[in-house]
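Here is a briefing on one protein model. Please look over the sequence and the structure before reading on.

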Amino acid sequence: MPIGTVVTASRPGTVVYVEESGMDGGFPNNLVVVDHGDGTFAQYMHLTQDGAAISLDDTVERGDTLGYSGATGLAGYPHLHFVVTANDWVWEY
């Protein structure tokens, strides 16, 4: 997955966290977190610098563009780290 590949929402929800200040190959880990409203949260991690295409509190639908892939945080290569958690979310990856 090359840096800049479009990352889309897996399910509808509300954006509850956005970090996009990290540079590829460095920290922090850039990510978007979406609250699905049913107690689950999707985390889309390792986005490129300034790679979020949405903002905090935005409502997204399945397939909407969230941002662009990268290699931030503990990423040795460009990829998307996608995690769904129940009842809470953790972003220290």
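Two strands pair if DSSP finds at least two bridges between them. Strands (E, at least two residues) and helices (H or I, at least four) are DSSP runs, numbered from the N terminus. With these terms, Val32 has Tyr44 in E4 as its bridge partner.

The model is predicted: local features need pLDDT of at least 70, side-chain atom pairs count only at pLDDT 80 or more, and totals for chains, interfaces and linings use all residues. Residues are numbered from 1 along each chain as its sequence is written, and side-chain values use heavy atoms, with hydrogens and water left out.

**Overall build**

- The protein has eight strands and zero helices. Its pattern along the sequence is β-β-β-β-β-β-β-β.
- The radius of gyration is 12 Å, which agrees with the value near 12 Å for a compact globule of 93 residues. This radius is taken over C-alpha atoms, and the globule rule is 2.2 Å times the number of residues to the power 0.38.
- Along the principal axes, the C-alpha atoms fill a box of roughly 35 × 25 × 20 Å.
- Of the 93 residues, 42% are buried. Buried means under 20% relative accessible area, exposed means over 50%, and partly exposed lies in between (1.4 Å probe, protein chains only).
- The protein exposes about 4,700 Å², and carbon and sulfur atoms supply 53% of that area. The areas come from the Shrake-Rupley method with a 1.4 Å probe.
- Contact means heavy atoms within 4.5 Å. Among contacts between residues at least 6 apart in sequence, 65% join residues at least 24 apart.

**Sheet**

- Five strands make an open sheet in the order E6-E2-E3-E4-E8, with antiparallel pairing.
- Strand E6 (59-60) and strand E8 (81-86) stand at the edges. Each has a single partner strand, so one side of each is left without a neighbour in the sheet.
- E2 and E3 run antiparallel and are joined by five bridges. Thr14 has Asp35 in E3 as its bridge partner.
- E3 and E4 also pair in the antiparallel sense, over five bridges. They form a hairpin with four residues between them. In the turn, Gly37 has a positive phi of about 85 degrees.
- E3 is mostly covered, with four of its five residues buried.

**Nonpolar cores**

- In soluble globular proteins, nonpolar side chains tend to be buried together.
- A nonpolar core is a set of buried Ala, Val, Leu, Ile, Met, Phe, Trp, Tyr and Cys residues joined through side-chain atoms within 4.5 Å.
- The largest core has twelve residues: Val7, Ala9, Val15, Val32, Val34, Ala42, Tyr44, Leu47, Ala52, Ile54, Val60 and Leu66. E3, E4 and strand E5 (47-52) are the elements that give two or more residues to this core.
- A second, separate core has seven residues, including Tyr17, Leu31, Val33 and Met45.
- Leaving aside residues up to four places away in sequence, Ala52 touches Val18, Glu20, Val32, Leu66 and Gly67.

**Salt bridge**

- A salt bridge is a side-chain nitrogen of Lys or Arg within 4 Å of a carboxyl oxygen of Asp or Glu. By this rule, the count is one.
- The side chains of Asp38 and Arg11 form this contact, at 2.9 Å from N to O. The pair links distant parts of the chain, 27 residues apart.
- Asp38 lies in the loop between strand E3 (31-35) and strand E4 (40-45). Arg11 lies in the loop between strand E1 (6-8) and strand E2 (13-19).
- Asp38 is partly exposed at 47% relative accessibility. Arg11 is partly exposed too, at 33%.

**Backbone and loop details**

- The peptide bond from Phe27 to Pro28 is cis, with omega near 0 degrees. Pro28 lies in the loop between E2 and E3.
- Gly25 is in the loop between E2 and E3. Its relative accessible area is 69%, so Gly25 is exposed.
- C-alpha to C-alpha, Gly25 and Val6 are 19 Å apart in space; in sequence they are 19 residues apart.
- Asp50 has a positive phi near 55 degrees, in a residue other than glycine. Asp50 lies in strand E5 and is exposed at 57% relative accessibility.
- Asp57 has a positive phi near 75 degrees, again in a residue other than glycine. Asp57 sits in the loop between E5 and E6 and is exposed at 58%.
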